[in-house]
Amino acid sequence: AQTLELSAAAEGAVIYYSTDGSEPTAESEKYTAALKLDAGTTVKAVAIAEGAEASDTVTAAYAVPKLTGPEFDAVSEGYKQPAAQGIVVDNSGSADARIKSVIVSGDDAASFILSRTAGGRVSAGAKDSTSWTIQPLVALKAGSYSATVTFTYDSGDTAQVKISFTVK
C-alpha cells in the first residue's frame, strides 16, 4: 500500500477528493488524514476556501502493483534444477509502475538465482511475469530454503514477495 498526503496552498481551504473518476465538489469526501492506497487508482482533489473560488482540480494516477511469487514443488536430493519461474507484477492501477531495483535477501538468498536486478516498467493495467524470474540453485542439500524478493519503486516505496524451496 502507498500513503498519499494532500495539502492546500490557501490557508483555511478544505480539500475534497474522489477516487471513482468523478470531479470532486464540496459534497465529495472531505480530506482529513493521509489516504491509504491499497490498489492503483486515480485521485482527483480540489481545495475550497470560504468566500473564494474552488481551486483547479488536481488529478494524479497511482500504481500499487501486487506481486505473486512462484511456488516450487518439493524435490528429492539429486534433483535436476527446476525451471526459472516468473514473479508476477500485476499492475491493475492507472499509472505505470516504475521499478528501480529488485533484490533477493534473507539467510538463504544465495540459494536462489534472480534473472535480473535492474528496474523496469510495467504498464498501467498490465501484468509482467517475464522480466524477473527466479530459480533455486542446483544440488542444494536436504532442507528448506526461503528468501524475500524486494521490489523498490522509483517513488521509494517497496513491495516484497516470499519464496521457498524444499529438498527432501
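**Note on a predicted all-strand model**

1. Leaving out residues up to four places away in sequence, Ile99 touches Val89, Gly119, Gly120, Val122, Trp132, Phe151, Thr152, Tyr153 and Asp154. The model under review is a predicted one.

2. Which residues have the most contacts inside the largest nonpolar core? They are Ile99, Ile134, Val149, Phe151 and Phe165, in a core of 27 residues. At least two residues of this core come from each of β10 (97-105), β11 (112-114), β15 (143-153) and β16 (158-167).

3. On secondary structure, the protein chain has 16 strands and zero helices. Of the contacts with a separation of 6 or more, 61% are between residues 24 or more positions apart. Buried residues amount to 37% of the 168 in the protein chain.

4. How does the overall form of the chain present itself? The C-alpha trace spans about 75 × 25 × 25 Å along its principal axes. The radius of gyration is 22 Å, whereas a compact globule of 168 residues would have one near 15 Å.

5. The largest pocket holds about 300 Å³ of space. Its lining consists of 23 residues, and Ser7, Val46, Ala47, Ser55 and Val58 are the closest to the centre of the pocket. By class, 18 of the lining residues are nonpolar, three are polar and two are charged.

6. Which strand gives the most to the lining of the largest pocket? It is β5, with five residues. Both β5 (41-48) and β6 (58-62) supply at least two residues of this lining.

7. Pro24 lies in the loop between β2 (14-18) and β3 (29-30). Is Pro24 buried or exposed? Pro24 counts as buried because its relative accessible area is 8%, and the limit for a buried residue is under 20%. Apart from residues up to four places away in sequence, Pro24 touches Tyr16, Tyr17, Ser18, Lys44, Ala45, Val46 and Thr57. Val46 is also one of the residues closest to the centre of the largest pocket. Between the C-alpha atoms of Pro24 and Val122, which are 98 residues apart along the chain, the separation is 29 Å.

8. Ala83 is placed in the loop between β7 (66-68) and β8 (85-86). Why does Ala83 count as exposed? The reason is its relative accessibility of 57%, since exposed means over 50%. With neighbours within four places in sequence left aside, Ala83 is in contact with Phe72 and Gln135. Ala83 and Phe72 are 11 residues apart along the chain, and their C-alpha atoms are separated by 9.5 Å.

9. Ala139 deserves a separate remark. Although Ala139 is not a glycine, it has a positive phi of about 65°. Ala139 is located in the loop between β14 (133-136) and β15. With a relative accessibility of 62%, Ala139 counts as exposed.

Terms used:
Residues are numbered from 1 along each chain as its sequence is written. This is a predicted model: local features need pLDDT of at least 70, side-chain atom pairs count only at pLDDT 80 or more; totals for chains, interfaces and linings use all residues. Side-chain values use heavy atoms; hydrogens and water are left out. On a 1 Å grid over the protein atoms alone, a cavity is a set of points where a 1.4 Å probe fits but cannot get out, and a pocket is an open set with protein on both sides within 12 Å along at least five of seven lines; lining residues have an atom within 4 Å of a point. Grid points are joined across faces, edges and corners, and a volume is the space filled by probe spheres set on the points. Helices (H or I, at least four residues) and strands (E, at least two) are DSSP runs, numbered from the N terminus. Ala, Val, Leu, Ile, Met, Phe, Trp, Tyr, Cys and Pro count as nonpolar, Asp, Glu, Lys and Arg as charged, and the others, Gly among them, as polar. A nonpolar core is a set of buried Ala, Val, Leu, Ile, Met, Phe, Trp, Tyr and Cys residues joined through side-chain atoms within 4.5 Å. Buried means under 20% relative accessible area, exposed over 50%, partly exposed in between (1.4 Å probe, protein chains only). Contact means heavy atoms within 4.5 Å. The radius of gyration is taken over C-alpha atoms; the globule rule is 2.2 Å times the number of residues to the power 0.38.
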